[in-house]
Amino acid sequence: MKPGTTYTLRVSPSLPPRLARLEELANDLHYSWDRATRNLFARLDASLWNALGRSPKMLLRCVDEKILLQAAQDPRYLESYDAVLAAYDAYHAEMPGSGAGALAPGELVAYFCAEFGFHESLPLYSGGLGILAGDHCKTASDLHLGFVAVGLMYRQGYFQQTLDSEGRQQAEYADSDYELLPVTPVTLADGRDLTVQVELPGRAVSVKVWRARVGRVSLYLLDTDVESNGAADREIGHRLYGGDRTVRMEQEIVLGVGGTRALAALSIRPTVWHINEGHAAFLVLERIRRWMRSGLDFATALETVASNTVFTTHTPVPAGHDHFATDMVARYFAEYCRGLGLEMGALLELGCSHPGSEFNMTVLALRGSRIHNGVSRIHRNVSAQMLAHVWPGIAPEENPIGYVRNAVHVPTFLAPEWTPVFDRYLGIDWAKYLSESDLRERIHAIPDREFWAVQQNLKARLLHMVCDIVTRRQLRTDGSEAHLDRLLRFANPDHPDVLTLGFARRFATYKRATLLFEDMNRVRALLSDPERPVLVLFSGKAHPADGAGCELIRRIDEISRMPEFEGRILMLEGYELHIGRRMVSGVDVWLNNPMYPLEASGTSGMKAGMNGNINLSVLDGWWDEGFEGDNGWAIRPTPLGFEERRRNAEESRALYEILEDRVLPLYYQRGLGAYSPEWVHMAKRSMASILSRYGSNRMLQEYASQCYEPAARQGRRYRAEGNAAARAVAAWKARVRAAWPGVQARRLDDAARQIAFGGSLTVEVGVQLNGLDPADIAVELMLSASAAGKVRTEPQRHLFTGQGATGRAGEQRYSLRLAPDLCGQLDYRIRVYPRHDLLTHPFELGLMSWL
């Protein structure tokens, strides 16, 4: 018989008045980095808490009302509840200190990003970019930074992952119920939802604005799933990184244009705009439109907008930067140009690196900003090379791209089990002094046995989770209980003393998850020693469209099912933030094997290291700077000229040798004790070195001093007196660009070949200015010591001074008295470049001529 229709009814409990503020706590993502708050919810119904993905708001909608009534009468629960509220209120009432670096009171940063990862209860992230954006917001809250964030409200966040019996990844998408997320609609004074309009070809799309509270920070989320929109437009923001190029274009217009309009509708006036990756770069065009509507010409509006805009790139390969066909961009922005009386070519030039190229969102972000950064030293250099075409006359090492080292939010990723230990040995206020010089000594003063006990406790918690994940998968795929025992023989929470290696991250091919298996005979010998057992845990997702990444997961799972590896290698399905937190806090060694130099930064190793786990990584991204020789192990990358197969062979051999000769012997060097003292000492060095340098407080303070404060200062300067500075710079740049092809320089003096130390020589240059003023250019000599054709010192820069006309029409004389303070063979070169006191970076025009 055919079953009848099933109807769904949700019955929500009522909060007892005594517990009324649980609702407030559930709607503030402060819980994502406050374990005590999360524990309040978990204590109500632990099994339901885990089943609902550890979502406070969802728990309050689903928990039995009897449980709430009992909690309201439970003295111990109420004591915890009152303590959490006292700490929460104190956090929000705390007065700003000096922790936000150089930012002045009244400055406000608007931070735009396509994804945000705070906690698994708000699934608006896919990987590292989102987690970093979440940490950025959390830290801005902690430091009282004037800060607001803007993103997209996805009905479907990133997919839920399962693995079938053959290890094939299965992607399952589910629509979120916004009523169960820690977000609230932004409403107008009359109670109506706030919406803004965004123009797309042939129609206007309504965008609803939601707010997520992140401690002291607000995150505004843009939602096109509005009844007044057509079916296709309601789907624009449906899925994170979903759809075709059209959907991606429309998502990025909603983010950049709609986000700017949402802030304006809220009367929020940022003094700094931060584009975190190129997805949000269309905000540049919307801000230009607003300035042009106020009476500025296009060039002046661009200078005004760029003056207080910061752009961070996270992508080390050209293919990772979003780009669109120019005819597609022209179709979407035709009305924009018509409304402003702007030639389409002027708009397209902002995003095209050269005639005939596609419109590149990274190029748009670079040309619409004046402060740009990568996220590690290596990534800065890679980006400067990759994007050198934006400043064609400038050598990559001198172009305007800088870097701020990525970091992680310590309260989120440091396991709370460390807190009482730190309170005892580092002092109650240890979190405020992570960068203090004596932090390392204080961490080394923690008794070894106590340090080891915390690590074993964390590993036991990890292994409990591993057992749950493996058991669920086995039962779902009809595995036998006997086989389950075999799979979990080394993942025993009661005996967590087996050396455990961890690898958990996005499964992109350049991350080389399978590098460990380059030589199967060698890894077989490595993992089969009965005296020194090893457990290797893998977890991670591949984008469903990334067949190569999915194959890596399938291959590791296949290897884990080989008889000799059963129970020694486990591929954990369902990777998400909760699994990641447990793994980075519970393994002994964190593996990271990227193909140099493709790891922009990476942050998982920072999280592992600050929990006292030890990194074994290729020297790429953050680890090239974080490795100190005694705080972990490093695989030195093979030269870039080698083919991939040889690089994999060389670097896997280094990996095996480190594991065989250093890791296993050190871990099992226990003597008669329960642990290896030398292992614990290295774990302490790992923790101390990474906590002191890779906490996100340091990162935000660097953004404040190196990016936000200079951008805010330039913005004020360019807007003052009716945008006078912006007008001047725009006119000056136009004049310089027009004249520069005719600017030429020649040597006027006879080049001396030798002088005595302490002596000097006068260098003279004549520069044909082609109509420019003498003050429009700088003439500079670059001096360095060399030997055998190799530079021994960083170049010294010496500026020439103007001496008037040479007698040739349009040519000016410049001279320099050079008194070298170096001996030996010295090389020097002379260059000419445009100069203006109002420039943010001296080489932002990308123009330079060398004699």
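In the predicted model, ring pairs join Trp 452, Trp 633, Tyr 667, Tyr 668, Tyr 675 and Trp 679 into a cluster. Across the whole structure the aromatic pairs number 28, and one of them is formed by Phe 41 and Trp 49, whose rings are stacked with a centre-to-centre distance of 6.3 Å and an angle of 10° between the planes. Phe 41 and Trp 49 are both buried.

Aromatic faces also receive charged side chains. Lys 607 is placed over the face of Phe 413, at 4.2 Å from the ring centre, while Arg 405 is placed over the face of Tyr 694, at 5.3 Å from the ring centre.

Side chains of opposite charge can pair when their charged atoms come close. The count of salt bridges in the structure comes to 64. One of these joins the side chains of Asp 89 and Arg 21, with a distance of 2.7 Å from N to O. Asp 89 belongs to helix H6 (residues 75-93), whereas Arg 21 belongs to the segment before helix H1 (22-26), so that the pair ties together parts lying 68 residues apart in sequence. With a relative accessibility of 32%, Asp 89 counts as partly exposed, and Arg 21, at 27% relative accessibility, likewise counts as partly exposed.

A salt bridge is also formed between Arg 831 and Glu 398, where the closest N and O atoms are 2.5 Å apart. This pair links distant parts of the chain, 433 residues apart, given that Arg 831 is found in strand E28 (residues 826-834) and Glu 398 in the loop between helix H16 (377-386) and strand E14 (401-403). Arg 831 has a relative accessible area of 0% and is therefore buried.

Two helices are connected by the salt bridge between the side chains of Arg 522 and Glu 660, for which the N to O distance is 3.0 Å. Because Arg 522 lies in helix H22 (residues 520-527) and Glu 660 in helix H27 (residues 644-667), the pair ties together parts that are 138 residues apart in sequence. Arg 522 counts as partly exposed at 23% relative accessibility, and Glu 660 is partly exposed as well, its relative accessible area being 25%. Elsewhere, salt bridges with shared partners join Glu 199, Arg 261, Glu 286, Arg 289 and Arg 290 into one network.

Contacts of Glu 518 were also examined. Glu 518 is located in the loop between strand E15 (499-504) and H22, and its relative accessibility of 41% makes this residue count as partly exposed. When residues up to four places away in sequence are not counted, Glu 518 touches Asn 648, Ala 649, Ser 652 and Tyr 656. Of these contacts, the one with Ala 649 spans 131 residues in sequence, and the C-alpha atoms of Glu 518 and Ala 649 are 6.9 Å apart in space.

Cys 352 counts as buried, because its relative accessibility is 13% and the buried class comprises values under 20%.

Methods. Residues numbered from 1 in each chain as written. Predicted model: local features only at pLDDT ≥ 70, side-chain atom pairs only at ≥ 80, totals over all residues. Heavy atoms only, no water. Buried < 20%, exposed > 50% of the residue type's maximum accessible area, 1.4 Å probe, protein only. Salt bridge = Lys/Arg side-chain N within 4 Å of Asp/Glu carboxyl O. Helix = DSSP H or I, 4+ residues; strand = E, 2+ residues; numbered from the N terminus. Contact = heavy atoms within 4.5 Å. Phe/Tyr/Trp six-rings, centres within 6.5 Å; stacked < 30°, edge-to-face > 60°. Lys NZ or Arg CZ within 6 Å of the ring centre and 35° of its normal.
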